[in-house]
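Subject: Structure handover

Hi,

Here is the structure you will be working with. My notes on it follow below.

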Amino acid sequence: MCSSFRSLLPALRAVVARCPSSQICSSLRTYATEAVPNYEHKPSHYGQPLFQSHPHLLRPNELTPGIPSEEYERRRKELMDSLPSNSVVVLIAAPVKYMSGSMCYKYRQGSDFWYLTGFEEPDSAVVLEKNASSRGYRMTLFSNGKDSAKEKWDGPRTGFDDALNVFRADDALTIKAFPAQLRSMISLYSNVYIDLPQSPRKNARSTKSLLRYLSPPVNPRSEYETVVESLSSSRRKPLAPLIAQLRAFKSVCEQQVMRMAADISGRSHAKTMRFTRPGISESALAAHFEYLCSLSGSQRLAYVPVVASGPNALIIHYTSNNQVVRDGELILMDAGCEYNGYASDITRTYPANGSFTPPQKELYSAVLSAQKALVGLCTEAEGLSLHDLHRKSCDLLRQELKQIGFTLHTGDLERVLYPHFLSHPIGIDLHESSYSDRGELLKAGMVITVEPGIYVPPTAQFPKHFHNIGIRIEDEVLVGEKHPVVLSVSAPKEIADIEGACRGLLGLEPI
């Protein structure tokens, strides 16, 4: 470090200290902060990034990047307070998934497990026992703990002492003790809240797959059967719907992380527009987008991106991304990253050569007009549900299409031109809608997508100059009491901004 820069550090620290964390979050989160030498350990002593080992990623009070320990504590307490007396909650970590043979995918923790614990290691479980303490529950965390032989191959794991001190468990035990401990614990409770893993062979949940969900297997085998018999009783109750109710409303910290995820994805969309040129492959655009997200700190893409050029855009979930972009075509790009545990989901449609043709501009303007009107309705004060919003999207699109020359008959819009639903909740999961009710009224703190689209097949009942054009515009919207907040505002959406991004007029470079 040069002496002139070193002399500026005290002043910079003073400025940062005076700024609220919410203001410096978006500006500093993606850059390395000055590491404290006493905390810099390589390799880390923990099974995931913590402030003690990764001060460039987390602040002192955070358990996972952007989310403080107190928030995880609050989530657990809210869940346990909502349960009747004599209740216990059991959650199991997601399994390691394998691509081929012994080659595994990059591990991602189960969403509900992570939401309640922040613990990111596989082969782990947590039991929350409701009690009369001031905390309201007792937490036991099961994991592999430290194992020098395994860590030589797979990297560090969090020790039991740190499970107590960092993750605030009341007790930390080896995962090998889980069957016996689970059998003992659940025998004491009338209400056992647990979700059973999905059976890989059929569309059903199997009690006998519960402990096999952990890897490596836990012995002896006789303990499996005892636990299974206990879980098969009428005392077992579903847990996921209760956690879904908590996850539906995003805290301020969650909103900030989601805004950052959307900013990363939005800027990557804009720079990919600049990178695009006729003759490039769809796969190159997908790779460029992912590269840009990774450079900005994203851990992974939230889903397989859609990069659909020309008529490929008429395929709603086109993910082959293996054809060449032609001059004069539109590109429909549906892509978003996952950042610090939260997904983003943005779709933009833009011209490959940087300029919309008159028919493309006309149809795009129709979809954009409807989309902006729908975004404005995403408030608690409007008293609308997702079903209500979708019906309004059909009405608005029908009006817009009639104004540009479409003659629509029954079923033309909903079955052909606009066959998908308008919206879905988003958060830790891309589609946080497994247990959501589309008829429930929108409330402040919810985050949803708004994504109308029109896909015109080359058939005689539609104007020929619109044939083979597919357009979708998707934003992430934070529902407010009276005003919505568009989290994905960094992605160009207006025609002038899109053409400017494509041509480099917005000061954006492709990298």
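The buried residues of helix α13 are Leu386, Leu389, His390, Ser393, Cys394, Leu397, Glu400 and Leu401. Buried means under 20% relative accessible area, exposed over 50%, and partly exposed in between, with a 1.4 Å probe and protein chains only. These residues sit on the same side of α13, because they cover an arc of only 145° around the axis. The arc is taken from the directions from the helix axis to the C-beta atoms.

The model is predicted: local features need pLDDT of at least 70, side-chain atom pairs count only at pLDDT 80 or more, and totals for chains, interfaces and linings use all residues. Residues are numbered from 1 along each chain as its sequence is written, and side-chain values use heavy atoms, with hydrogens and water left out.

More on α13. The face turned away from the buried side carries exposed Lys402 and Gln403. The cover over the buried residues includes α12 (358-375), α14 (412-417), β17 (447-450) and β18 (453-456). Helices (H or I, at least four residues) and strands (E, at least two) are DSSP runs, numbered from the N terminus.

The length of α13 checks out. Its 18 residues (386-403) should span 26 Å at 1.5 Å a residue, and the end C-alpha atoms are 26 Å apart, so the two agree. The expected span is 1.5 Å times one less than the number of residues. At the start of α13, a side-chain oxygen of Ser385 comes to within 3.4 Å of the backbone nitrogen of His387. After α13 comes Gly405, with a positive phi near 105°.

Next, a helix pair. The axes of α10 (residues 252-275) and α15 (residues 495-503) come within 6 Å and cross at roughly 60°. That makes α10 oblique to α15. Ala270, Met273 and Arg274 in α10 meet Ile498, Ala501, Cys502 and Arg503 in α15. Contact means heavy atoms within 4.5 Å.

Then Thr349, in strand β16 (residues 346-351). Thr349 is buried, with a relative accessible area of 0%. A polar atom of its side chain lies 2.9 Å from the backbone oxygen of Arg472. Beyond neighbours within four places in sequence, the contacts of Thr349 include Leu330, Phe356, Tyr364, Gly470 and Ile498.

Finally, the whole chain. The protein chain has 15 helices and 21 strands. Of its 511 residues, 50% are buried. Among contacts with a separation of 6 or more, 69% join residues 24 or more positions apart.

Best wishes

Notes: Polar contact = N/O pair within 3.5 Å; in protein donor to acceptor, adjacent residues only side chain to side chain. Axes fitted to C-alpha atoms, helices over the stretch in contact; angles between N-to-C directions. Parallel < 35°, antiparallel > 145°, perpendicular 65-115°, else oblique.
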